[in-house]
Amino acid sequence: LQNKDKMSGVKFELQKEVFESTKERLHGVVTVQKTNRKKKIPAYLCITGSIERPIRFTIYLVKKTEKGFKRKQEWTLSSLKEINYKAKDSLEFDLQLEKSYHWLSQSAEEKDVFFALLHQICSRMHRPPKFINFQIDEDDEASRNENMAIVSVSKDTQMIESGDEEFGLTEREEFDLEKVLGRAENAVVNAEAFMEQLAKELSILDGENIHSIMDSEAQVNSLMDSIDKSISQLEEIEKELVDYEDAVTHVKSAVEKIEEENSQMGTAAKNNQHLLSELTNLIRALDFPVGSQILNADFNSVEGIVKATKDAYALKDALNIEENIHPALLKMRSVTDQKRRLEKFKQKFSQNLMSHLAKLFIHHGNISSMDNLSTVNTLRLPVLNSMYNELTPYTKLMGWLKVMDSEAYGSLLKTYTLSIQKIYEKNVRVLFEEARTRISGSATTSGKLSGSTNDLRIRGRFFGKTRSLANREGDTESQGSGEGSVDSSERQHFYDILEQLLEGLEPSVNNEEKFIATFFCLEIGSSSSGNVSIVSPSKGSAGGELRRIMSSLFSAIETELNSFLTHYEKMEASFCMGAMVRLGNHALKAENTSTYIGMIFGSVLVQEKRSFDRLMNSYVQAINDSRLPRKAKPGILAFVTDFEDFAVMAESIFGTSARRSDLEKWYVKMLTAVFDGIMRLAGESGKTPGEVIRMENFHRLHSILSRLKVPALEQQKKDAKIKYNEALNGYVTKYFGRPLIKLNEFFEGVQAKVSQGVKESEIGYQMAFSRAELKRVIKEYPAKEVKKGLESLYRKVEKHLSEDENLLQVVWRAMQEEFIVQYKSIESLISRCYPGSKITLEFTIDDILLFFSEIAQSH
């Protein structure tokens with residue numbers, strides 16, 4: 001009871017303070033708190049309805065603050081999607097609004113009353129929310145409804161309105177009530193008298209109503225008579241309608257019978273027309289009036305070939321009647337007899353055609369096409385145009401044969417391959433012999449081609465490749481001599497012949513491939529009419545057959561080309577570079593893409609790439625195996641100069657070709673080996689300082705890379721520059737040293753004292769570093785002695801450096817700069833530690849510059 005009283009008080013306060021101003025009526029409230037908070041802050045979940053109709057229900061979350069109640073959140077009733085009651089013995093419940101809210105009620109009773117009210121309101125909605133784990137008790141519902149307004153919901157707007165509760169009087173009712181009360185003076189004073197008066201007036205009105213009804217009896221009787229007459233007339237009309245319906249039913253059955261007979265007649269007529277059409281098509285398809293003509297077809301003239309082609313395709317259509325004729329008609333005896341007759345025509349015609357074409361293939365196979373010396377002299381494989389022109393008119397007949405007689409077609413394909421193969425084998429062999437002869441410098445005589453017995457006697461010279469690596473005996477002195485190597489004109493001559501050879505192979509092979517694809521219908525999309533489209537020899541079943549035929553005809557090309565290149569690469573291994581570039585250019589030609597000659601070039605290109613990799617590996621290995629020369633001054637190492645010669649040659653060969661990326665990859669590997677080789681040999685040097693070997697060779701390498709201007713080698717060029725400077729600085733530091741050594745040692749002691757805490761101005765008071773001691777040390781280095789020491793140093797530098805790179809003056813200038821730095825350092829220390837002493841060295845910077853200049857000029 002206390003809880004109810006308390007909730008009643010809270011409900012009253014909420015109504016007064018929160019919802020009175022918004023003209024809303026509070027219907028239900030439950031005390032709640034969040035389940036996920038440690039600090040339990042109570043709040044009130046309220047259900048309100050608008051005072052004005054239609055009633056709009058709203059759910060509010062209200063919190064109590066020090067200043068009073070404050071609305072935190074609000075939702076319309078239509079936004080409520082799901083209500084989870086949880087369990088009977090649980091105070092928790094969930095409401096699914098725009099998101100899921102979890103609350104904990106203060107008591108189970110509050111929770112039940114709140115859910116009962118919510119269920120009552122939502123049950124009359126058009127789209128009520130879903131209640132989970134909640135079932136209303138009918139007895140409790142009935143008891144609660146006594147004290148709870150029954151509400152209903154509009155289906156369209158979902159706005160809830162009152163149902164059974166009493167509404168106020170309308171304006172008309174209020175007007176009538178005021179009028180009645182105005183006639184009765186004692187209506188307010190004496191209610192009983194007013195009621196008696198109203199009863200009398202009511203009885204008078206009842207009597208008047210009875211008299212009015214009795215007066216209208218005659219009129220009612222007249223109306224009843226009229227109704228009886230109308231009923232009798234309607235019965236007569238209904239009888240006539242029944243008679244008409246019987247008559248119409250009889251006519252309907254007669255008409256339906258006639259329609260059925262007409263339909264049967266139409267079906268029979270359509271069947272007859274369809275049968276006539278089928279028979280006509282059958283006779284037209286099987287009729288072959290030119291049977292005797294096709295057996296005597298003339299294959300020796302163009303007109304005869306055209307006529308034979310037309311008759312052959314007509315025979316094909318007659319034999320392929322299954323596509324247009326019903327299968328049942330094919331079982332007719334006349335049809336089977338006619339098909340046997342047509343099959344005989346087909347077999348005989350096929351035999352005649354096969355025999356004629358086989359003779360043509362053999363005839364052309366026995367004719368040598370190398371009599372045309374102009375073609376040979378330009379290093380071009382002859383194109384068999386005369387054969388193509390003669391065989392082209394038979395293309396459609398070959399397509400017919402492929403469809404109608406696959407065995408004869410296969411036999412002709414084999415005959416053609418064996419016959420023409422002999423021509424190409426001979427032509428290819430003679431073409432390569434002519435190429436060898438041209439490389440050797442011999443010329444053909446008397447129109448006959450002769451083999452070469454004076455091939456280039458050449459040896460590759462780079463990185464010891466001119467001599468066997470096993471015979472180098474670890475000495476790089478003899479490398480790069482160039483004795484017996486190929487000069488640029490000989491190399492270019494070889495590449496020109498190779499380019500002519502590759503260009504001369506393309507037209508004949510490509511034309512043969514196009515002819516075979518068209519003539520033998522080895523394409524995708526070939527039709528009975530003979531219209532074809534050529535496809536790649538590497539795609540599809542037809543492409544595989546085309547490739548097989550081309551391999552049989554031109555197998556000698558790849559063999560001869562590999563043999564040709566291998567022969568000359570044994571004498572000059574670097575020829576593989578130019579061969580790789582030219583093969584790559586031809587393999588990537590647009591007209592050679594996906595063609596057989598392109599595949600041959602690609603296959604040979606793979607072999608040349610392997611030869612190139614082997615060559616480059618041998619170059620790198622030669623660098624790794626190199627040793628210092630036995631002479632006193634190694635100078636520029638042989639593999640550095642060899643790299644320069646190789647790079648110049650390689651740049652002239654590769655240029656901007658597509659294979660340049662292969663060269664640049666090996667550039668990096670070679671330079672890595674060159675860098676490592678310089679560093680390794682510098683460490684193994686005996687008489688010559690390692691700094692000199694590194695300085696001279698990295699200077700030359702940087703100069704080489706600067707002239708080459710290869711973008712891919714920019715980093716290597718920078719590295720060479722860095723290593724050159726490091727070697728130069730190292731050499732100067734090591735061999736120039738400290739020419740004023742006693743002075744340097746003196747001031748090292750001075751700096752040690754300063755670091756121990758002695759002020760620079762007080763150094764002169766130290767016994768070991770007095771001014772007198774300083775003067776004594778300075779007197780040991782007169783200008784004459786300094787110049788004498790520098791002359792001795794110059795002779796030593798001159799002895800170390802070689803004349804290959806001419807870096808003597810560079811090193812001498814670096815030593816001059818180093819001496820000046822040391823001089824300035826000593827002068828600075830004197831001025832700081834001995835201020836006002838006027839002590840100076842016995843020579844100046846100008847004297848130093850003069851000493852270095854005179855020594856350099858005297859040598």
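What follows is a short tour with stops at strands, a pair of helices and a single serine.

Before we set off: this is a predicted model, where local features need pLDDT of at least 70 and side-chain atom pairs count only at pLDDT 80 or more, while totals for chains, interfaces and linings use all residues. Residues are numbered from 1 along each chain as its sequence is written, and side-chain values use heavy atoms, with hydrogens and water left out.

**Stop 1: strands.** Select residues 24-34, which is strand 1, and then 43-50, strand 2: the two run antiparallel and are joined by 8 bridges. (Helices, H or I with at least four residues, and strands, E with at least two, are DSSP runs numbered from the N terminus; two strands pair if DSSP finds at least two bridges between them.) Click on Val-29 and look across to Cys-46, its bridge partner in strand 2.

**Stop 2: a hairpin.** Next, select 57-65 (strand 3) and 68-76 (strand 4), an antiparallel pair with 8 bridges. How many residues lie between strand 3 and strand 4 in their hairpin? There are 2 residues between them. Val-62 faces Arg-71 of strand 4.

Stop 3: Jump to Ser-350, which sits in helix 9, residues 333-365. Buried or exposed? With 1% relative accessibility, Ser-350 counts as buried (buried is under 20% relative accessible area, exposed over 50%, partly exposed in between, with a 1.4 Å probe and protein chains only). Leaving out residues up to four places away in sequence, Ser-350 touches Trp-400, Leu-401, Asp-405 and Ala-408; contact means heavy atoms within 4.5 Å.

Stop 4: Finish at helix 23, residues 771-779, and show the side chains of Leu-774, Val-777 and Ile-778, which are buried. They span an arc of only 100° around the axis, which puts them on the same side of helix 23 (the arc is that of directions from the helix axis to the C-beta atoms). Ala-772 and Lys-779, on the other side, are exposed. Now show 741-755 and 808-833: helix 22 and helix 25 are among what covers the buried residues.
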